[in-house]
Amino acid sequence: MKREYVDVTIDGREIRAPRGEKILWVALENGIEIPHLCALKGQDPPWGGCRLCWVEVEGRGLVTACTEPVRQGMVVHTDTPSVRRLQRRALELLLADHPMDCKNCPKRDRCELLKWMRFLKVKVPKDLRPFPEKRYPVDTSHPVLNFDPNKCILCGRCVWIAKEVVGCGVFDFVWRGYDIRISTFMGKPLKDTDCNGCLKCAEVCPVGALWGK
Amino acid sequence: MNWEEIKSRAEAKWSALEEAPLHIRIGTPTCGRAAGALETLRIFRERLQREGLDVPLTEVGCMGLCFAEPLVIISKPESGFPPICYKNVRFDEAQKLINDFILGDDPCLEIALGTVELGQDDAPVIPELERFEIERRLVLKNCGWIDPEDIDHYIARGGYSALRDVLLGKDPEQVIAEIGQAGLRGRGGAGFLTSRKWASCRRQKSEPKYLICNADEGDPGAFMDRVVLESDPHSVIEGMIIAGYAIGAAKGFIYTRMEYPLVIERLQKALEQARAYGLLGEDIFGSGFSFDIEVIRGAGAFICGESTAMTYSIEGKRGMPRVRPPRSVERGLWGQPTVVNNVKTLALVTRIMEMGPDEFREIGTRSSPGTAVFALAGKVKQIGLCEVPMGTTLRQVIFEVGGGVPEGKEFKAVQIGGPAGGCVGEEALDLPVDFDSFRAAGAIMGSGGMIVLDNSNCMVETARFFLDFLSREDCGKCSFGRLGIKQLLMILEDITAGRGKEGDIELLEGLCEDLLQGCLCNLGRTAPNPVLTTLRYFRSEYEAHIRERRCPALVCRDLIAYFILPEKCEKGCDHCVLTCPTEAIVTDERTRKKRILQDKCVKCGTCLEVCPPEYSAVIKVSPPEKVKELESREA
C-alpha cells in the first residue's frame with residue numbers, strides 16, 4: 001500500500017506532507033509564504049489563473065504551487081530569481097490594470113494585492129503601457145453585498161465559491177480576452193439574483209470588488 | 001446488405017462513371033463556391049438538359065488548386081484524351097466547353113490546367129503542374145476526385161476495407177503498435193506521438209472513454225481541415241472508428257465550427273450513410289465493437305481549439321483551458337479519459353491501416369514520418385492546399401508548389417504555424433518542413449497554415465496583426481494571457497503609430513519571455529512567437545520604426561506620406577484630383593501639375609491607385625517629413 005505521507009524539502013526545511021497535497025497548501029501550512037491570489041483550498045481542478053504562486057522544483061523547473069502535488073523527495077525553492085521575476089511581472093500586470101484608489105477602497109485593510117506588493121517589493125509599474133480605464137457601473141442594489149467590477153482582478157474565486165460551495169451560482173465569467181468580466185446572469189442587478197447575502201464571495205474576494213455593507 | 005454486396009455495388013457504380021462516354025466533375029467546396037462554382041454547375045446542368053444529354057455530373061470536393069477555381073474535370077474517353085482539368089470555368093468557359101468539347105471534339109486545351117491521372121497511392125495528379133512532382137497526397141487522396149456526399153465512391157476507392165481488416169483481424173493493442181511503428185505524430189501542431197496518446201488512454205481503467213476529432217480550425221488563412229472534411233469526410237470518419245476501437249471508446253465527437261456550414265452538412269450526410277451501411281453504430285462488421293459519432297458545432301472561439309477548453313465547450317460550459325495535469329487522456333470529457341486528435345491525424349490513421357506502417361514510415365523524415373498538409377495563402381501565385389512529404393523545404397513549398405511571389409515582388413517572410421506560430425525570413429527557406437526544425441527556427445509546425453509575405457508587408461505591422469487576433473481570442477482566464485498579450489499589443493500599436501520609445505524592444509523581449517513561461521495554456525505560451533520571430537529576423541524594421549519614425553515597407557499609415565513627383569506628373573490628367581475623397585490634391589495654376597496638401601491628406605492611397613501606370617507619379621515616403629525635403633528640392 002502507498003504511504004499516506006511524503007517527505008519534501010521546501011526552502012531547506014524538511015516537511016512531512018499528505019500525499020497528493022499541492023505544494024502551495026503544504027508551504028502555507030508550514031508558515032512558508034507563497035504569493036497567490038486565485039487559489040482556494042478544495043478547488044479541483046485548481047484554477048491556476050493568477051500566475052503568481054510560482055516555485056522552482058529541482059529537476060522540474062518552474063511550476064505553479066497551486067497545481068503541483070508534492071512527491072516523495074521533492075525539493076522546492078520559493079525564492080529564486082526566476083520565481084520572483086515571474087511573480088513580479090504577473091503582479092505588475094495586475095497592478096497596471098487596477099484602479100489604485102486605495103484610500104477610498106473598502107478592502108484597503110485586507111487587500112491581497114497590497115499584501116503581495118509589499119511582500120514582493122513591487123510598485124505600480126512605470127514602463128508598461130497603461131491599460132484602458134474600465135468604466136463598469138458599480139452594483140449597490142443588494143441589501144448586503146456590493147460589487148465593483150472595475151476593481152475585479154478576475155481571480156474567479158467568487159465564481160467558484162458561488163457555484164461549488166454556496167450553490168447559488170450567482171456569478172460567472174462573460175466576454176473574453178481583455179474584455180472578460182464577472183457578471184450576474186444577463187447582467188441583472190444583484191438584488192434580482194438568487195443571492196441570499198451570505199457574503200462568502202466577499203470574504204474570498206482578494207480585492208475591493210465584492211464587499212459587504 | 002452484407003459487406004460484399006455493398007462493396008461490389010459501390011464498385012459497379014464507380015466503374016460505370018469511370019467508363020461512361022462522358023463524365024463531368026465540378027468542384028463545389030466552399031472555396032469553389034466563393035469563386036462561383038455553383039453558378040458553373042447550374043450552367044452545365046441546364047445546358048446539358050436543354051441539349052437532351054444524359055451526362056453524369058458529379059459534385060466533387062477541392063483538389064487544393066484554389067487559384068484555378070471553379071475547377072471542372074471532363075472525362076471523354078472516346079476523344080482519346082485522359083480526363084482534362086479546366087481552370088476558372090465561369091459562364092463563357094462553360095458554354096465553350098459544352099459547345100466545343102462535349103458537343104464537338106475540340107478539347108479546349110487553351111483553358112485547360114492539365115490532364116488528370118491517378119498517380120502514387122491512387123491519388124489524382126496533374127502531371128503538367130510542377131507542384132505534383134513534389135507533392136504526395138495521402139490525406140488529400142480522394143479530395144476533388146470523389147463525390148463527398150456519396151459513400152459508395154469512397155468505398156469503391158478502397159474505403160472502409162481497412163476498418164474491416166482492423167475490426168475483424170487486429171486487437172486494439174496491435175492497432176496502437178502499428179500506429180507507433182508508423183511513427184505518426186499529431187497533425188494539430190504539437191507533434192505528439194499519436195500511439196503514445198492512444199496507449200495512455202487505453203491504459204486508463206475508468207469507463208466510458210471518448211474520442212474527439214478537433215476540427216475547430218480557426219487560424220487566419222488556414223483551411224486544411226475544412227477542405228478535407230468537405231471533400232472526403234469518410235477518410236476522417238473511418239480513422240475515428242479505428243481510433244475509437246484502439247483506445248476503447250464507444251463514442252466520438254467531431255468538434256467543428258458554426259462558420260463551416262458545408263462541413264457540418266456533409267458530415268451529417270456522411271454519418272447517416274455510414275450508419276445505414278452498418279459502418280457506424282452497434283456491432284460494426286459483426287465484430288462486437290460499437291461506435292457512433294456526433295457533430296458538435298462550436299461558436300467560433302479560437303480558444304476552443306485547445307483541448308481542455310474544447311472538452312468544456314462540448315460539456316456546455318465556457319470554453320476556457322484548465323491547468324494540466326491531469327491531461328485529457330486521464331480526465332477529459334465529463335471527467336473521463338479522452339483522446340483529442342486533429343482531422344488530418346485521423347485521416348492519416350486510415351491511410352496507415354491501408355498502406356501498412358512500414359510504407360508510411362518511409363515517407364518523410366526519420367523523426368517526422370509521413371506528409372504535411374499546408375494551406376498556402378498570402379503573396380503567392382498559386383494559392384491553395386498542398387501535401388508534401390515531411391522534409392521538403394519551405395523554398396520548394398513556396399516556389400515550386402506555390403509558384404513564388406506574384407507581380408515581380410520579392411519574397412520577404414512566411415508566417416507558419418498559425419497566428420501563434422512565427423514569421424521566418426529568407427534565411428529559413430531551406431529548412432525542411434518537420435516538427436523539430438520548425439521549432440529550432442522559432443516557429444511551430446502548427447496545423448498547416450502558411451501565409452507568404454512580400455516586400456510590401458511591414459513585419460512590425462504583421463506582428464501587431466497577429467497579436468490583435470490573439471488578444472481578441474484569448475479567453476481572459478490567466479493574468480499573463482489576458483494582460484500580457486494585451487500589453488504586447490499596446491506596445492506594438494504604439495510602435496506602428498510612431499509612438500515607439502527607446503527601450504520598447506527590450507520591454508517586448510522581456511514580456512515575451514515571461515509569457516512563454518508564465519501563461520496557463522499553449523495559446524498564451526505561443527502568443528509571443530510572432531513578436532519574437534519578427535524581432536529575430538527583422539529587428540532593423542523595429543528599430544527604424546522606433547528611432548527614425550520610418551516604416552521601411554511603407555505600410556504603417558502614421559509613418560508614411562504620399563507625394564506626387566512633379567517630373568512625372570502629366571499636366572492634363574486629373575485622375576487623382578477627381579478621386580481624392582478629401583480634396584487634398586491641388587493643381588498648380590501655372591504648371592498644371594498636382595500637389596498633395598499634407599494636412600488634408602488622410603493617406604487612403606487612392607491617388608496612388610488611380611495614377612495611370614505610364615506616369616506612376618505618386619509615391620509613398622517614410623518618414624513623412626521626407627516630403628518637405630522633396631518639396632524643397634523642387635523649389
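This note goes through the predicted two-chain model point by point.

1. Basis. The model is predicted: local features need pLDDT of at least 70, side-chain atom pairs count only at pLDDT 80 or more, and totals for chains, interfaces and linings use all residues. Residues are numbered from 1 along each chain as its sequence is written, chains are lettered from A and ligands numbered from 1 in the order in which they are written, and side-chain values use heavy atoms, with hydrogens and water left out.

2. Domains of chain B. The chain is divided into domain 1 (3–115), domain 2 (152–360), domain 3 (371–454), domain 4 (459–547) and domain 5 (560–634). These bounds come from an automatic or database domain assignment. Taken over C-alpha atoms, the centres of domain 1 and domain 4 of chain B are 48 Å apart.

3. Main core. The largest nonpolar core has 103 residues. Such a core is a set of buried Ala, Val, Leu, Ile, Met, Phe, Trp, Tyr and Cys residues joined through side-chain atoms within 4.5 Å. Buried means under 20% relative accessible area, exposed over 50%, and partly exposed in between (1.4 Å probe, protein chains only). A:Leu91, A:Phe171 and B:Tyr542 have the most contacts inside this core. Helix α19 (residues 479–496) of chain B gives the most to it, with 9 residues. Helices (H or I, at least four residues) and strands (E, at least two) are DSSP runs, numbered from the N terminus.

4. Around A:Leu91. Contact means heavy atoms within 4.5 Å. Leaving aside residues up to four places away in sequence, A:Leu91 touches A:Leu37, A:Leu52, A:Leu113, A:Trp116, A:Met117, A:Leu120 and A:Val122.

5. Crossing helices in chain B. Helix α11 (residues 233–247) and helix α14 (residues 343–355) of chain B pack at about 80°, with axes 7 Å apart. Axes are lines fitted to C-alpha atoms, for helices over the stretch in contact, and angles run from 0 to 180 degrees between N-to-C directions. The pair is therefore roughly perpendicular. Angles of 65 to 115 degrees count as roughly perpendicular, under 35 as roughly parallel, over 145 as roughly antiparallel and the rest as oblique. From α11(B), the contact includes B:Met240 and B:Ile242; from α14(B), B:Leu346 and B:Met353 are among the residues met. By class, this contact has 9 nonpolar, 3 polar and 3 charged residues. Here Ala, Val, Leu, Ile, Met, Phe, Trp, Tyr, Cys and Pro count as nonpolar, Asp, Glu, Lys and Arg as charged, and the others, Gly among them, as polar.

6. Helix α9 of chain B. Which residues of α9 (residues 194–203) are buried? They are B:Thr194, B:Ser195, B:Trp198, B:Ser200 and B:Cys201. These buried residues pack against α8 (172–182), α11, β11 and α14 of chain B.

7. Backbone points to check. Most residues other than glycine have a negative phi, and most peptide bonds are trans. The bond from B:Arg324 to B:Pro325 is cis, with omega near -5°. B:Pro325 and B:Pro326 are also joined by a cis bond, omega about 0°. B:Pro325 sits in the loop between α13 (307–314) and β11 (338–342) of chain B. A:Leu199 has a positive phi, near 65°. It lies in the loop between β8 (181–183) and α5 (200–204) of chain A, and is partly exposed at 26% relative accessibility. B:Asp122 has a positive phi of about 70°. B:Asp122 is in the loop between β6 (117–118) and β7 (124–125) of chain B, partly exposed at 35%.

8. B:Glu387 lies in strand β13 (residues 384–389) of chain B and is buried, at 0% relative accessible area. Its contacts include B:Arg136, B:Arg137 and B:Glu135. A:Arg129 is in the loop between α3 (112–120) and β6 (145–147) of chain A. A:Arg129 is buried too, at 6%, and touches chain B residues including B:Gln487, B:Asp494, B:Asp504 and B:Leu507. A:Glu203, in helix α5 of chain A, is exposed at 54%. A:Glu203 touches A:Arg110 and A:Cys198, not counting residues up to four places away in sequence.
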